[in-house]
Amino acid sequence: MDIIQELESRGLIYQTTDKEELTKRLQQGKLTLYTGFDPTADSLHIGHLLPILTLRRFQQAGHQPIALVGGGTGMIGDPSGRSTERSLNTADVVKGYSDKLKNQLERFLDFDREGNPAIMANNYDWLGQLTLIEFLRDIGKHFSINYMLAKDSVSARLENGISFTEFSYMIMQAYDFWKLNQTHNCELQMGGSDQWGNITAGTEFIRRANQDNENQTEAKKVFGLTLPLVLKSDGTKFGKTAGGAVWLDASKTSPYKFYQFWLNTDDRDVVKFLKYFTFLSMEELNALENAVATEPEKREAQRTLAREVTSLVHGEAAMKRAEEISVALFNGGLKELTPSEIADSFSDVPSTTLEDGELTMVDVLVQVGAAKSKRESREYLNNNAITVNDVRFTDLETKLADIELLGGQYLVIRRGKKNYYLVEYKG
């Protein structure tokens with residue numbers, strides 16, 4: 001199975017500029033391709049995973065990937081997929097973001113692979129050297145306003161307005177493709193479906209620039225390929241949770257929360273996500289698809305998805321610890337967790353910090369929101385509806401200072417089967 005067949009079998013090809021010619025070119029030998037990542041934050045998020053892992057698939061197939069960090073375009077702002085202007089960051093901020101993104105991309109691509117090592121590039125290296133006159137005379141002349149206005153990324157913004165800054169983004173991205181074509185013989189640009197207009201602008205610019213080059217004996221054929229927009233079956237946006245984006249940086253989204261995100265995948269989405277985000281064989285994927293159809297309650301596909309993607313992003317050790325935390329929470333092993341793991345695991349539940357050790361559990365339940373009143377609190381305790389740190393709690397008089405704390409500082413309270421509350425005691 002060649003790389004195009006591999007991508008098609010996983011549903012990863014949305015558009016190509018010339019699929020037949022691209023397939024032939026890939027069969028002829030090593031091809032260099034690139035994808036850009038603008039540094040708009042100090043970490044990549046799971047919305048970036050699809051293009052990153054697709055670059056990895058190309059590398060495993062013998063081709064050479066370029067990960068382009070947009071140190072230059074990141075200071076401008078891409079209108080694609082957005083309805084408002086991006087806030088512009090300073091050069092120092094963008095440089096700091098760019099350095100962090102480079103470190104993250106190195107987890108996924110092999111920069112020492114014999115024969116086709118990955119390449120890291122930053123478009124600030126050439127965009128930062130361009131003068132205004134060079135930009136207008138040598139690059140801008142190849143783009144008609146009518147051509148640019150026809151692109152969806154621009155036309156969708158015309159009603160509400162678009163600045164010349166973001167309007168020019170397409171030209172800069174096209175110049176990136178030309179520059180990489182000149183310096184690395186890059187023949188393919190890949191991106192999300194919202195990048196189609198920018199990608200085709202690049203292929204057209206290279207064609208026109210080559211025509212103007214008297215020393216160019218033969219026009220180079222270049223290609224564009226886009227990946228599908230990742231949507232969930234319930235209509236919500238992939239990669240977003242109640243707490244915001246799911247980041248690849250462990251300090252922004254812990255490996256446990258990252259693991260839980262994938263573990264909670266809907267049955268309707270899990271097979272698609274397995275195809276998109278894992279490197280399992282088609283035989284393994286078919287077996288998991290059958291498991292979803294015949295024994296969905298076992299959630300084998302979700303556990304496999306969570307294990308595979310967490311290992312890819314955070315490493316096997318972090319994945320195994322995330323599994324251990326999940327097992328501990330499910331099987332009543334809270335005492336096995338560290339204070340930081342408790343705080344992370346229950347960061348999404350109602351919580352409060354208490355300093356008065358004289359409070360009884362009747363008072364604590366009210367303080368944390370587990371009961372509306374002391375009367376209701378007593379009813380819950382008398383009816384065996386409350387567990388504290390995995391132990392059934394019925395004592396109405398025991399004081400907070402006398403209760404054994406998890407990690408010396410926490411109480412995890414459960415009311416009924418699913419209602420959790422976290423108390424941090426600082427007495």
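# Chat about a buried tyrosine and its surroundings

Trainee: Let's start with Tyr169: buried or exposed?
Mentor: Tyr169 is buried, at a relative accessible area of 5%. Keep in mind that this is a predicted model.

Trainee: Where does Tyr169 sit?
Mentor: You'll find Tyr169 in helix H10.

Trainee: And what does helix H10 pack on?
Mentor: Helix H10, residues 169-184, packs on the sheet and touches E2, E3, E4, E5 and E6. The direction of H10 makes about 145° with that of E5.

Trainee: OK, what's the strand order in that open sheet?
Mentor: The order is E1-E6-E5-E2-E3-E4, so six strands by the DSSP runs. The pairing is mixed.

Trainee: Which are the edge strands?
Mentor: Strand E1 (15-16) and strand E4 (119-122), each of which pairs on one side only.

Trainee: How many bridges join E2 to E3?
Mentor: There are 6 bridges between strand E2 (residues 32-37) and strand E3 (residues 64-69), and the two run parallel.

Trainee: Which helix lies across E1, E5 and E6?
Mentor: Helix H2, residues 19-27. H2 lies across E1, strand E5 (186-192) and strand E6 (223-227), and runs at about 105° to E6.

Trainee: Where is Tyr34, then?
Mentor: Tyr34 is in strand E2.

Trainee: Why does Tyr34 count as buried?
Mentor: Because Tyr34 has 1% relative accessibility, and the cut-off for buried is under 20%.

Trainee: What is Tyr34 in contact with, leaving aside its neighbours within four places in sequence?
Mentor: Quite a list, including Leu55, Ile66, Leu68, Phe177, Leu180 and Leu188. Gln173 and Gln189 are also among the residues in contact with Tyr34. The side chains of Tyr34 and Gln189 make a polar contact of 3.1 Å.

Trainee: Which side chain does Gln173 have a polar contact with?
Mentor: The side chain of Gln195, at 3.3 Å. Gln195 is in the loop between E5 and helix H11 (196-212). Despite being in that loop, Gln195 counts as buried at 14% relative accessibility.

Trainee: Which residues does UniProt list for the 'HIGH' region?
Mentor: Residues 39-48, as a short sequence motif, also from an unreviewed entry. The span is 0% helix and 0% strand, and its end C-alpha atoms lie 12 Å apart.

Trainee: Changing topic: how many salt bridges does the count come to?
Mentor: The count comes to 23 salt bridges. One of interest is Glu6 with Arg57, where the closest N and O atoms are 4.0 Å apart. Glu6 is in helix H1 (residues 3-9) and Arg57 in helix H3 (residues 49-60), so by the DSSP runs this pair links two helices, 51 residues apart.

Trainee: Is Arg57 buried or exposed, though?
Mentor: Arg57 is buried, with a relative accessible area of 4%.

Trainee: And what pairs with Lys374?
Mentor: Asp363, with the closest N and O atoms 3.2 Å apart. Lys374 is in helix H19 (residues 374-382), while Asp363 is in helix H18, 11 residues apart. On accessibility, Lys374 is partly exposed at 45%, whereas Asp363 is buried at 16%.

Trainee: What about Lys399?
Mentor: Lys399 forms a salt bridge with Glu358, and the closest N and O atoms are 2.7 Å apart. Both partners are in loops: Lys399 between strand E11 (391-392) and strand E12 (410-415), Glu358 between strand E9 (351-354) and helix H18 (361-368). Lys399 counts as partly exposed, at 33% relative accessibility.

Trainee: Why is helix H12 called largely enclosed?
Mentor: Because 8 of its 9 residues are buried. Among them are Tyr256, Phe258, Tyr259, Phe261 and Trp262.

Trainee: Last one: how many helices and strands in the protein?
Mentor: There are 19 helices and 13 strands. Of the 427 residues, 48% are buried. The C-alpha atoms fill a box of roughly 90 × 50 × 40 Å along the principal axes. Of the contacts with a separation of 6 or more, 73% come from residues 24 or more positions apart.

How values were computed
Residues are numbered from 1 along each chain as its sequence is written. This is a predicted model: local features need pLDDT of at least 70, side-chain atom pairs count only at pLDDT 80 or more; totals for chains, interfaces and linings use all residues. Side-chain values use heavy atoms; hydrogens and water are left out. Two strands pair if DSSP finds at least two bridges between them. Helices (H or I, at least four residues) and strands (E, at least two) are DSSP runs, numbered from the N terminus. Contact means heavy atoms within 4.5 Å. Axes are lines fitted to C-alpha atoms, for helices over the stretch in contact, and angles run from 0 to 180 degrees between N-to-C directions. A salt bridge is a side-chain nitrogen of Lys or Arg within 4 Å of a carboxyl oxygen of Asp or Glu. Buried means under 20% relative accessible area, exposed over 50%, partly exposed in between (1.4 Å probe, protein chains only). A polar contact is a pair of N or O atoms within 3.5 Å; within protein, one must be able to donate a hydrogen and the other to accept it, and residues adjacent in sequence count only if both atoms are side-chain atoms. UniProt positions are given in the numbering used here, feature names are shortened, and annotations may be inferred rather than shown by experiment.
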